[in-house]
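The sequence and the structure come first.

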Amino acid sequence: MINVDTFSTPLESSALIVHHEEEVMGTIVTIDVYGESTVTSELVTPYLNFALASLHNADSVFSLWKTDSPMSKFRRNELDLVSAPELIGEVLEACQAARELSRGWFDPWALPGGTDPTGYVKGWAAQRALHQLLGAPVHGAIVNAAGDIASFGYPSAGKKFQVGITNPLVPSELTAIAVLDGCIATSGSYERGQHLVDPHSGLFCTRVASASVMGPDLGLADALATALAIAGNDL
């Protein structure tokens, strides 16, 4: 889990324009948008709506809880890539790149029940939602998908977004504070128990309590954080 805070007091000319929580993808996604105090939430609302529509579109395509979703049908071989939404091919291509980069420690094709790109999709969806906010008349935004965080800009002049990373052994404490320049994803078993599968053995396994990855692309960071949590020093 990552706790987001600016760890600073915004200048008077800057303000939190929008704070929105959306139930989607089986979790709560939080969107915070920062801009000059003269910017109204009404000016930001159209961009927020596009971001929310993007999240729900990702959920409708990739949710494995929905038996009639295109991804569920693809897993059951009821849908091929030619007939599936283009997003599935796009995501699977990115997953293939992540599998190669992680030397097979992230492998959606090795999971029980069939192809499962969930370890990539949440971060990817949050990144897509953030992209919808880039045209808004603001200077910063954060999309937090249950601890996988995408951002652009800054909360106030001269400041950067910072995130606190929970200590997996003492959840009431922080183990680190990271200056956010792009995105960060964290994976581990300390909150949800053993839910990550070692693609080499097929067993539920993590070799470290928590792993965080920062970078410009949240989908890839999400995948690599999963790989690191499973592989530990073997990666």
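## Terms and confidence

A residue is called buried when its relative accessible area is under 20%, and exposed when that area is over 50%. The model is predicted. Its protein chain has a mean pLDDT of 91, with 93% of the residues at 70 or more. Residues 1-11 have a pLDDT below 50.

## Helix α3

Helix α3 runs over residues 86-101, 16 residues in all. From its first C-alpha to its last it reaches 23 Å, close to the expected 22 Å at 1.5 Å a residue. After the helix comes Arg-103, which has a positive phi, near 55°.

Six names make up the inward-facing list: Leu-87, Ile-88, Val-91, Leu-92, Cys-95 and Ala-98 are the buried residues of α3. They lie on the same side of the helix because they cover an arc of only 125° around its axis. An α-helix has 3.6 residues a turn, so residues three or four places apart point the same way. The exposed residues Glu-86, Glu-93, Glu-100 and Leu-101 are carried on the face of α3 turned away from the buried side.

The buried residues of α3 pack against four other helices: α1 (41-62), α2 (70-75), α4 (118-131) and α5.

## Val-91 and Trp-124

Val-91 is part of helix α3. Its relative accessible area is 1%, and it is therefore buried. With neighbours within four places in sequence set aside, Val-91 is in contact with Phe-62, Pro-117, Tyr-120, Val-121 and Trp-124. Between the C-alpha atoms of Val-91 and Arg-75, which are 16 residues apart along the chain, the separation is 14 Å.

Trp-124 has contacts of its own, again leaving aside neighbours within four places in sequence. Its partners are Ala-58, Phe-62, Leu-87, Glu-90, Val-91, Leu-218 and Gly-219.

## Nonpolar cores

In soluble globular proteins, nonpolar side chains tend to be buried together. The largest nonpolar core in this model has 56 residues. Ile-31, Phe-62, Trp-124 and Leu-133 have the most contacts inside that core. Helix α5 (residues 218-231) gives the most to this core, contributing 9 residues.

Another core lies apart from the largest one and has 9 residues. Among them are Tyr-34, Ile-149, Ile-165 and Ile-184.

Technical notes
Residues are numbered from 1 along each chain as its sequence is written. This is a predicted model: local features need pLDDT of at least 70, side-chain atom pairs count only at pLDDT 80 or more; totals for chains, interfaces and linings use all residues. Side-chain values use heavy atoms; hydrogens and water are left out. A nonpolar core is a set of buried Ala, Val, Leu, Ile, Met, Phe, Trp, Tyr and Cys residues joined through side-chain atoms within 4.5 Å. Buried means under 20% relative accessible area, exposed over 50%, partly exposed in between (1.4 Å probe, protein chains only). Helices (H or I, at least four residues) and strands (E, at least two) are DSSP runs, numbered from the N terminus. Contact means heavy atoms within 4.5 Å. pLDDT is the predictor's confidence in each residue, from 0 to 100. The expected span of a helix is 1.5 Å times one less than its number of residues. The arc is that of the directions from the helix axis to the C-beta atoms.
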